[in-house]
Amino acid sequence: MANSKTVLIKIKRQDNPTSKPYWEEFELPYRPGMNVTSSLMDIAANPVTKDGKTTAPVTYDSNCLEEVCGSCAMLINGRARMACSALIDKLEQPVKLEPFSKFPVVRDLSVDRSVLFENLKKVKAWVPTDGTYDLGAGPRQSAEQQEMNYPLSRCISCCCCMEACPQFNDKTGFVGAATISQVRLFNNHPTGSALKVDRLKALMGDGGIQECGYAQNCVEVCPKDIPLTKSIADVGGQVMWQAVKDLFRT
Ligand code: SF4
Ligand code: SF4
Ligand code: FES
């Protein structure tokens with residue numbers, strides 16, 4: 001472990017999407033209140049490894065620096081979490097940083113998470129309004145609806161829940177907990193519910209909700225404490241109902 005005046009950071013690097021990964025170690029002067037993103041900024045300002053070799057600055061994503069934009073997700077000491085809220089004081093050293101393992105690496109710690117956005121498109125995770133003329137005020141939501149919907153609306157599309165999920169892999173094509181939770185949010189919205197049946201149908205079959213094994217890893221890593229397992233159970237019930245209705249209709 002580094003002495004109290006320095007911080008040791010080991011980073012799994014990859015120069016491009018197809019090249020072989022390799023590790024580099026950095027030793028930084030300690031400052032109180034440092035987090036993983038500020039450490040990566042320090043490395044960018046002086047990209048020299050612990051052995052004194054000048055190297056390319058490490059590529060990583062970040063934006064808001066306050067756990068709102070969802071861009072800085074990575075594996076920190078093996079756990080999927082946000083770099084901007086990961087305080088160095090609370091991490092075991094050397095701090096090991098790796099890109100997400102289930103998403104294509106763009107470079108170093110930056111990965112392509114567009115699969116989540118494709119999945120959200122599949123389930124029409126939006127409120128349908130055409131926006132060409134003033135529709136007036138929408139229907140009001142009850143206090144109970146607001147109470148249920150607000151936590152669901154906090155999703156920052158970080159993909160931590162998908163990285164941690166044993167079922168989210170190429171074999172299953174599982175959409176993952178974030179998408180299912182957004183289905184719950186928009187199905188519970190007075191205007192959004194117009195697309196409820198389309199959403200439920202999109203979650204039937206391969207890659208749909210039945211792929212979930214209820215391992216609950218997702219809810220443990222979600223940085224916004226979204227009740228994901230509740231969402232999965234709730235939407236699972238809705239999908240089942242829809243399947244029964246479809247059966248009697250045919
Ligand atoms: S409950 Fe388990 S299997 Fe289902 S989405 Fe969460 S982590 Fe994946
Ligand atoms: S549900 Fe939670 S872990 Fe999953 S993408 Fe949204 S904020 Fe991230
Ligand atoms: S930089 Fe926006 S969530 Fe970390």
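1. The shell around ligand 2 is made up of 11 nonpolar residues, one polar and one charged, where Ala, Val, Leu, Ile, Met, Phe, Trp, Tyr, Cys and Pro count as nonpolar, Asp, Glu, Lys and Arg as charged, and the others, Gly among them, as polar. Of the 13 residues that surround ligand 2, the closest are Cys 155, Cys 158, Cys 159, Cys 161 and Cys 222, and a residue is taken as near a molecule if one of its heavy atoms lies within 4 Å of it.

2. The model is a predicted one, in which local features need pLDDT of at least 70 and side-chain atom pairs count only at pLDDT 80 or more, whereas totals for chains, interfaces and linings use all residues. Residues are numbered from 1 along each chain as its sequence is written, chains are lettered from A and ligands numbered from 1 in the order in which they are written, and side-chain values use heavy atoms, with hydrogens and water left out.

3. Ligand 2 sits in the second largest cavity, while the space taken by ligand 1 is the largest cavity. A cavity is a set of points, on a 1 Å grid over the protein atoms alone, where a 1.4 Å probe fits but cannot get out, and a molecule sits in one if more than half of its atoms lie within 2 Å of its grid points.

4. Around ligand 1 the residues are Cys 165, Gln 167, Phe 174, Ala 177, Cys 212, Gly 213, Tyr 214, Ala 215, Gln 216, Asn 217, Cys 218 and Ile 232. This shell divides into eight nonpolar residues, four polar and no charged.

5. The protein chain has eight helices and seven strands, these being DSSP runs numbered from the N terminus (helices H or I, at least four residues; strands E, at least two). Its C-alpha trace spans about 70 × 40 × 35 Å along the principal axes, and 44% of its 250 residues count as buried, that is, under 20% relative accessible area with a 1.4 Å probe and protein chains only. Among contacts between residues at least 6 apart in sequence, 62% join residues at least 24 apart, contact meaning heavy atoms within 4.5 Å.

6. Helix H5 is mostly covered, with 11 of its 11 residues buried, among them Ala 177, Gln 182, Arg 184 and Phe 186. The cover over these buried residues includes helix H2 (114-122), H3, H4, H6, H7 and H8.

7. Helix H8 (residues 228-249) has 22 residues and reaches 31 Å from its first C-alpha to its last, close to the 32 Å expected at 1.5 Å a residue, the expected span being 1.5 Å times one less than the number of residues. Its buried residues, including Ile 232, Gln 242 and Asp 246, pack against helices H3 (143-153), H4 (160-164), H5 (177-187), H6 (196-202) and H7 (217-221).

8. Why does Gln 242 count as buried? Gln 242 counts as buried because its relative accessibility is 4%. Leaving aside neighbours within four places in sequence, Gln 242 is in contact with Val 197, Leu 200, Lys 201, Met 204 and Arg 249.

9. Two loop residues deserve a look as well. Ala 125, in the loop between H2 and H3, is buried because its relative accessible area is 16%, and, not counting residues up to four places away in sequence, Ala 125 touches Leu 120, Gln 182, Phe 186 and Arg 199. Gly 176, in the loop between H4 and H5, counts as buried at 0% relative accessibility, and its C-alpha atom is separated by 7.4 Å from that of Cys 161, 15 residues apart along the chain.

How values were computed: On a 1 Å grid over the protein atoms alone, a cavity is a set of points where a 1.4 Å probe fits but cannot get out, and a pocket is an open set with protein on both sides within 12 Å along at least five of seven lines; lining residues have an atom within 4 Å of a point. Buried means under 20% relative accessible area, exposed over 50%, partly exposed in between (1.4 Å probe, protein chains only).
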